[in-house]
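User: I have a protein model to study. Please take me through how some of its parts pack together.

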Amino acid sequence: MLPERKEAERLLAEAESCNPGPWGNHSRITAECAEKIALLCDGMDADKAYILGLLHDIGRKFGARHLGHVYDGYQYMRKLGYDEVARICLTHSFCIQDIQGYIGKFDITEEEQKEIAVALQNIIFDDYDRLIQLCDSIAGADGIMEMEERMADVKRRYGSYPQDKWDINVHLKQLFEEKGGKNIYEIVGKPI
């Protein structure tokens with residue numbers, strides 16, 4: 001189940017009031033990119049893509065956490081009955097489907113880590129998982145960024161960015177360029 005667009009926007013606004021920061025704008029930019037790309041891809045629902053992009057980081061509502069934001073968002077959306085959003089809260093940080101590939105602090109319990117690891121193993125990624133991963137990798141808080149610039153920013157902030165994750169992001173960009181028939185930056189409206 002998925003919230004309506006207005007409800008998703010309300011949830012994000014409420015979350016921002018609990019933990020203000022640039023993550024809210026990043027979420028909006030992710031949503032706008034996802035919607036624009038989905039519009040050009042056969043079989044994708046642009047409104048669904050927007051909602052999933054808007055709420056992918058909703059776990060930040062509960063504070064400045066690293067892996068904790070993934071877990072918190074996953075649990076919060078499941079509690080509200082929005083299982084499709086819960087899934088994206090989980091998958092957006094794992095283009096490599098392994099909890100050990102997470103970039104950032106493991107600031108959740110071992111039991112919570114096991115829960116995430118098992119949930120990840122039981123998911124077969126679909127185009128929405130991949131689309132939000134892509135859009136997360138080009139959405140900054142102030143606008144659309146070159147993917148390489150965004151990944152370098154993450155590397156500066158966290159100290160590393162695994163090459164295999166970098167390569168998958170580049171592959172996702174190519175995949176959606178093929179599906180959409182245009183350069184990703186052209187689709188999302190960033191001058192190239």
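Analyst: Start with a term: buried means under 20% relative accessible area, exposed means over 50%, and partly exposed lies in between (1.4 Å probe, protein chains only). This is a predicted model, where local features need pLDDT of at least 70, side-chain atom pairs count only at pLDDT 80 or more, and totals for chains, interfaces and linings use all residues. Residues are numbered from 1 along each chain as its sequence is written, and side-chain values use heavy atoms, with hydrogens and water left out.

User: Is Val70 buried or exposed?

Analyst: Val70 lies in helix α4. Helices here are DSSP runs (H or I, at least four residues), numbered from the N terminus. The relative accessible area of Val70 is 0%, so Val70 is buried.

User: Which residues is Val70 in contact with, leaving aside neighbours within four places in sequence?

Analyst: Contact means heavy atoms within 4.5 Å. With those neighbours left aside, the partners of Val70 are Cys89, Leu90, His92, Ser93, Phe94, Tyr102 and Ile116.

User: How are α4 and α5 arranged relative to each other?

Analyst: Take α4 (residues 67-79) and α5 (residues 83-91): their axes are 8 Å apart, at an angle of about 175°. Axes are lines fitted to C-alpha atoms, for helices over the stretch in contact, and angles run from 0 to 180 degrees between N-to-C directions. Under 35 degrees counts as roughly parallel, over 145 as roughly antiparallel, 65 to 115 as roughly perpendicular and the rest as oblique. The two helices α4 and α5 are therefore roughly antiparallel.

User: Which residues of α5 are buried, and what do they pack against?

Analyst: The buried residues of α5 are Val85, Ala86, Ile88, Cys89, Leu90 and Thr91. They pack against α3 (46-55), α4, α6 (110-121) and α7 (127-136).

User: Why is α7 described as largely enclosed?

Analyst: Tyr128, Asp129 and Leu131 are among the buried residues of α7. Their cover includes α2, α3, α5, α8, α9 and α10 (184-188). The helix α7 is largely enclosed by the rest of the structure because the buried residues number eight of the ten.

User: Which helix supplies the largest share of the lining of the largest pocket?

Analyst: A pocket is an open set of points on a 1 Å grid over the protein atoms alone, where a 1.4 Å probe fits, with protein on both sides within 12 Å along at least five of seven lines; lining residues have an atom within 4 Å of a point. The largest pocket is lined by 34 residues. Helices α2 (23-39), α7, α8 (147-158) and α9 (163-180) each supply at least two. The largest share, six residues, comes from α8.
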